[in-house]
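Please look over the sequence and the model shown below before reading on. My comments are set out as numbered points.

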Amino acid sequence: MKNLLSFIFLSFVFLSAKAQDLPADSGTFLLHKFEQHIGKETYKVYNYKDSKKYVVDFKFVDRGSPVPLKATLKVNPVADPLELVIKGSTSRFSTVDDSIKIKGNRATIRVNDSTYTQSVLPNTFPVTGYSPATVQMILLKYWNNKKQPATINTLPFGALHIKKTGTDVLTFNGKPLSLIRYTISGLIWGNELLWTDNTGKLICILTIDAEGDKTEMMSEPYEALLPELIKRAAGYGMEVFAKSTALPASANKIVAITGGSIVDVERGIAIPNGVIILQNGLFTKISKAGTAIPKGAEIINAAGKTILPGLWDMHAHFEQTEWGPAYLAAGVTTVRDCGNELGFIDAIQKAIDSGKGIGPKIIMAGIIDGKGPMALGIIQADTKEDAIKAVDTYKARGFGQIKIYSSMKPAIVKAVCDEAHKLGLTVTGHIPNGMSLRAGVDSGMNMVNHVQYVYSMMKRNKDRSVNFDDSISKAAIKFLADRKVVIDPTVGVYELAYRNVKDDITALEPNFNTLPPTMQTVFKNMGGDAETAARFKPMIESMRQIVKRLYDAGVPIVAGTDMGFPGFSVDRELEIYVGAGLTPAQALKTATITPAQVMGMDKQTGSISTGKNADLIIVDGNPLSNISALRNVKVVIKGGKVYSPTVLHKMVGFSTRLKD
C-alpha cells in the first residue's frame with residue numbers, strides 16, 4: 001500500500017510539472033580525433049511557448065587533456081536565434097567564454113570580459129567556432145528556413161557560406177542510405193563537410209578543432225560510417241582545386257628559366273645568370289647564359305631573382321586539403337606527413353600524384369601508438385603481434401616510414417623497428433613515455449621528432465637553460481652524432497607555444513595579416529602570459545643552440561614545423577636556425593638536400609640537378625645572404641608544373657601577400 005501511494009504521488013508531481021521543464025528531444029554526437037572516439041556531445045531540447053532551448057554538454061579527452069564545453073542556444077519556433085551562451089574549452093590550448101543575446105535588430109555581445117552592443121544584419125546567426133555540433137545543426141536549419149541565402153552573417157563577428165554540394169549513397173545496416181552533403185566555409189579555415197539524412201537530421205561533421213587537428217562529430221547511431229566519409233572527404237576537397245581554372249598545363253611541355261641566380265645547395269654557392277631547361281617533370285639541362293632555348297618552350301625570365309630547389313617540411317600534418325595549395329604557395333614542394341588518418345592521407349596522396357588535386361609530394365609516416373588514456377589514433381599496438389600487423393598494414397598502403405607515438409610501451413618499440421627495417425622502412429617519432437632517447441635509438445629508431453627529446457638529455461641549469469659545457473650535454477651530442485640520428489627540431493612550434501600573447505605576432509610571421517581571418521583568431525590566442533613567456537625563454541634559446549651544436553657535430557638536421565602557419569612556418573624554422581648560428585647555406589640544406597638524403601631520395605630530388613624532379617622556386621632577393629628572402633616566392637614549379645603563389649593562396653582564403 002505504501003509503494004502504491006508513493007507511485008500515485010510521484011505520478012501527480014510528474015503530471016503537474018510544466019511541459020517546458022522536460023526535454024522534448026535529445027541527441028548525442030560522438031566526438032573523434034584521428035578516427036579515435038575521444039568523447040561525446042549531448043543535447044536536450046526544451047520547448048517553451050515562444051521559444052525552444054538547446055542545452056549542450058560537450059566534452060572530449062585529447063591525449064590525457066580534458067576539453068569540456070557547455071552551451072545554451074535559444075531560438076524562436078522558426079529557428080531564428082535569440083541567445084547563445086557558450087563557455088569552456090575548444091582544444092587543449094584554447095578557451096571560449098561568449099554570450100550573445102539578440103532582441104529585435106540589436107545584439108548584446110560579451111566576449112570574455114568585453115561587452116558591447118551592435119545592430120543585427122539580415123540573415124545573422126550566433127556561432128563561435130566548430131563546436132558544438134548542435135549549434136551547427138540549428139544553423140543549417142536556419143539557413144534552409146531563410147531559403148538558403150548566399151551568406152550568413154555570424155556573431156560575434158564574421159560571415160560564412162553554406163552550399164549543398166551533392167548526395168552520397170552509403171551502405172548502412174545492409175541497406176542503401178542516402179545522405180545530403182553540404183560545405184560550410186568561413187567557420188574554420190577552409191571548408192567543413194556536413195551530411196544530413198533526407199529529413200535534415202545531422203549525421204556527420206568533418207572539421208578541425210582550435211589547434212588545427214582534424215575532428216569528427218558523428219550522430220551516435222551512424223558511427224560505423226565515419227571511415228568511409230573521411231575517405232570521401234579527401235577526394236571532395238581535392239576536386240575543388242582540380243576543377244579550378246588556375247590549374248597549370250601539362251608538365252610535358254618544355255619550360256626554360258633564364259637570367260636567374262641558381263643555388264647549388266649541395267655546395268652552398270650560386271651560379272649567376274643561369275639557364276634551366278625542364279621537360280616531362282625533370283630537369284633536362286642546367287647551364288650558363290647563352291644556351292640555346294628549344295623551340296616552343298615557355299620562357300620564364302628570372303633576371304634579378306634567385307632559383308632554388310623546392311623546400312621540404314619534414315614534420316607536416318596534412319590535416320585538411322587546404323594545406324596543399326598553401327604549402328605550394330610558400331614554396332614547399334615536398335612534405336613528410338608525420339601521422340594522420342590512414343584513409344584520409346592515403347586518398348590525399350593519390351589525388352595529388354594522379355593530378356586530381358593540388359599539393360606537394362607527400363611522404364607518409366604511419367603513426368602507431370600504444371593503448372592508454374593518452375593514446376592517439378586507432379592504430380595501436382601493445383603486443384609484438386599487433387606491432388608487426390600495424391607496420392605491415394602501412395607498408396602495404398605505400399607508406400615510406402613508421403612514426404612511433406608517446407603511449408607505446410618501451411618494450412614494443414624494438415618490435416616495431418625490427419619489422420620496419422625488415423621491410424625497408426625507417427622509423428621516426430616521439431620517445432615514448434617512460435623511455436629515454438638513448439633507449440629509443442638503441443631499440444632501432446633512426447630519427448626523432450622534436451628537439452625537446454634532445455633537450456631532455458642535456459644538463460640543465462635552474463633557469464631551464466642548457467649547460468653545454470657539462471659532460472652530460474657533450475655525451476648526449478656525441479651519442480647522436482656517432483649514430484647519425486636524424487632530428488627534426490620543430491623549434492618554431494615551441495617559440496609559438498611559449499610566446500607572450502601581448503607581443504606582436506608579426507615578429508614571428510610577417511605575413512600574418514594575409515592569413516584567413518579564422519586562422520588569425522586562432523594564432524593570436526596561442527601562447528601565454530608575460531610571466532610564463534619569460535620563464536621559458538631560456539629553454540627556447542637553448543633549443544635554438546642545440547640545433548647549432550648538433551649541426552656542427554654532424555648530426556643530420558631536417559627542417560620541420562609540426563604545422564604552425566601553413567607553409568610560412570618552414571621559413572620561420574630556417575630563420576631560427578640562422579639566428580642560432582647556421583649560415584643561410586647550411587640552413588637551406590636542412591630543407592632541401594638533407595631531407596632527400598635521409599629519406600633515400602637524393603638521386604631523384606633535393607637539388608637542382610640534371611635528371612632530378614623539376615621542383616624549384618623563384619624568389620626575390622638572395623637567401624644565401626638573407627634567409628628571409630625565402631618569404632618572397634614569385635614562382636613555384638613542382639614536377640614541371642608552373643604555379644602562381646598568389647593564385648594558390650587565394651584558393652585557400654589567404655589575401656594578397658605583403659611582398660607582392
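This is a predicted model: local features need pLDDT of at least 70, side-chain atom pairs count only at pLDDT 80 or more; totals for chains, interfaces and linings use all residues.

1. Strand E14 spans residues 202-208. Seven of its seven residues are buried, so E14 is largely enclosed by the rest of the structure.

2. E14 is paired with strand E13, residues 191-196, through four bridges in the antiparallel sense. Across this pairing, tryptophan 195 lies opposite cysteine 204 of E14. The hairpin of E13 and E14 has five residues between its strands, and glycine 200 there adopts a positive phi near 95 degrees.

3. E14 is also joined to strand E15, residues 214-219, by five bridges, and these two strands run antiparallel. Here cysteine 204 stands opposite methionine 218 in E15. Five residues separate the strands in the hairpin of E14 and E15, where glycine 212 has a positive phi near 85 degrees.

4. How do helix H10 and helix H13 cross? The axes of H10 (residues 471-482) and H13 (residues 530-553) come within 9 Å, at a crossing angle of roughly 50 degrees. Because angles between 35 and 65 degrees are neither roughly parallel nor roughly perpendicular, H10 is oblique to H13. The crossing is right-handed.

5. Which residues of H10 and H13 meet? From H10 come Ile477, Leu480 and Ala481, and from H13 come Arg549, Leu550 and Ala553. By class, this contact of H10 with H13 has five nonpolar residues, one charged residue and no polar ones.

Definitions and conventions
Residues are numbered from 1 along each chain as its sequence is written. Side-chain values use heavy atoms; hydrogens and water are left out. Axes are lines fitted to C-alpha atoms, for helices over the stretch in contact, and angles run from 0 to 180 degrees between N-to-C directions. Angles under 35 degrees count as roughly parallel, over 145 as roughly antiparallel, 65 to 115 as roughly perpendicular and the rest as oblique. A crossing is left-handed if the near helix is turned anticlockwise from the far one by less than a right angle, and right-handed if clockwise. Contact means heavy atoms within 4.5 Å. Ala, Val, Leu, Ile, Met, Phe, Trp, Tyr, Cys and Pro count as nonpolar, Asp, Glu, Lys and Arg as charged, and the others, Gly among them, as polar. Buried means under 20% relative accessible area, exposed over 50%, partly exposed in between (1.4 Å probe, protein chains only). Two strands pair if DSSP finds at least two bridges between them.
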